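Welcome! Please take a look at the sequence and the 3D view, and keep both at hand while you work.

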Amino acid sequence: MSQDAYKVLCDQLETRGVRVAEVKSRLKAQHIETPSWAYSDTGTRFGIYKQAGAARTLYEKIEDAALVNRLTGVARTMAVHIGWDQSDDWLGVKQYAESQGLKLGSVNPNVFQGQDYKFGAFTSEEARVRERALQAHFECIDIMRTIGSEVLSVWYGDGTNYPGQGDFRRRKRHLLACLREVYSRLQGKETILVEYKFFEPAFYHTDIADWGLAYLLASNLGEQAKVLVDLGHHAHGVNIEHIVAVLLDEGKLGGFHFNNRKYADDDLTVGSINPYELFLIYCELAADEVASREVAYMVDQCHYLKPKTEEMIQTIANLQSAYAKALIVNRTRLKEAQLGRDLVAAENELVRAFNTDVQPLLEEVREEMGCPRDPLEAFRKGGYLEKAIQARSSKTAS
Ligand code: AFD
Ligand code: MN
Ligand code: MN
């Protein structure tokens, strides 16, 4: 049945002028990084919610991330978060990950938890606090070199809760001075991705609140500083695909933190609330293969209600589906319609791709990559969760 559906789809796409072989090769080259923090017990600011079988250690997080990679074929790296992930043997951690067929990816400093950071990290009026945050970044750069990572991914909760609490310009200068200090330590292709977020934990202003501020800071730093777009970090109604296009055009789109939100930074499964927005974002990326190859595609979600690994498999499948749909847009016809101001034809070129069932194509790609055609079914049939619950039921993690 699925082979027939695949043949029908290929014929349909060929008649639309889509080169199926090229689409498949780009889907096989897709690379999604999953975050260590999605595999362990997390929650919201109202509480941590435990799941049987959740990863308790960095090694167990690697096990789960490696399983997602084996089942999907594209989740080749795992991001680490320094503070939440600790080790006195990062080389050993790197080697263990590689023994599982996984590489460690971006390194995320945590300078938003801890009493010292109550009034900010790089924007703090206390030089001692700024210095502590700098040391945390330098430790992350050392870890990057030990694990072979070239991405320092930074997000700061810095901001204020009341008018008058802070001086915006003095804070900006502290922030830029510290970022310059970090940037000066980077070598070779090492890159710093500056992430923005319009509010939370600060509720009156956030020092890096939007893409413009992140772009300003990254531009002040230099070539190896770019902007990280976290989908859940925008005010309602913001056109994220437009931001993505502008940053891509400027060579400043460093990466994504994929998730979805109904209200704010909900860290829900990407594409679960607004799949069309995700498709439109991928349309900008699919339109420029060379530029979009340099971008870091990372998930940033906290899985605490759905089973964690199942949600990650769903997440990867949603990202593959959005990319596949974006790749089958006929851009020649789209441009003709745009130049001809044929709005309906231009829109329909996108809508037709979005409404195409690309699952038969994705199943074929997975099989050709040596992965299960349906990774979620394979996960469930493989009894992985039951085995994890069994193995991780002991009181102390090894
Ligand atoms: C929180 C922040 C931000 C950051 C992530 C990991 O909102 O998205 O990237 O934690 O540090 O979700
Ligand atoms: Mn994020
Ligand atoms: Mn977030």
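This is a predicted model: local features need pLDDT of at least 70, side-chain atom pairs count only at pLDDT 80 or more; totals for chains, interfaces and linings use all residues.

Residues are numbered from 1 along each chain as its sequence is written, chains are lettered from A and ligands numbered from 1 in the order in which they are written, and side-chain values use heavy atoms, with hydrogens and water left out.

**Exercise 1.** Find which residues coordinate the manganese ion (ligand 3).

*Solution.* 
- Step 1: Look for donors, meaning N, O and S atoms within 2.8 Å of the metal (3.2 Å for Na, K and Ca); water is not among the atoms, so sites may look incomplete.
- Step 2: His 233, through NE2, and Asp 265, through OD, coordinate this ion at 2.3 Å.
- Step 3: His 233 sits in the loop between strand E10 (225-230) and helix H8 (240-250), and Asp 265 in the loop between strand E11 (253-258) and helix H9 (275-286), so the pair ties together parts 32 residues apart in sequence. Helices (H or I, at least four residues) and strands (E, at least two) are DSSP runs, numbered from the N terminus.
- Step 4: Both His 233 and Asp 265 are buried, that is, under 20% relative accessible area, where exposed is over 50% and partly exposed in between (1.4 Å probe, protein chains only).

**Exercise 2.** Work out which classes of residue make up the shell around ligand 1.

*Solution.* 
- Step 1: Gather the surrounding residues, among them Trp 37, Phe 112, Lys 197 and Asp 300, using a limit of one heavy atom within 4 Å.
- Step 2: Sorted by class, the shell has three nonpolar, three polar and six charged residues. Ala, Val, Leu, Ile, Met, Phe, Trp, Tyr, Cys and Pro count as nonpolar, Asp, Glu, Lys and Arg as charged, and the others, Gly among them, as polar.
- Step 3: A polar side-chain atom of Lys 197 lies 2.7 Å from an oxygen atom of ligand 1.

**Exercise 3.** Describe the salt bridge between Lys 381 and Glu 377.

*Solution.* 
- Step 1: A salt bridge is a side-chain nitrogen of Lys or Arg within 4 Å of a carboxyl oxygen of Asp or Glu.
- Step 2: The side chains of Lys 381 and Glu 377 meet this way at 3.6 Å, N to O.
- Step 3: The two are four residues apart in helix H15 (residues 375-381), so about one helical turn separates them.
- Step 4: Lys 381 is exposed at 69% relative accessibility, and Glu 377 is partly exposed at 42%.

Technical notes:
A polar contact is a pair of N or O atoms within 3.5 Å; within protein, one must be able to donate a hydrogen and the other to accept it, and residues adjacent in sequence count only if both atoms are side-chain atoms.
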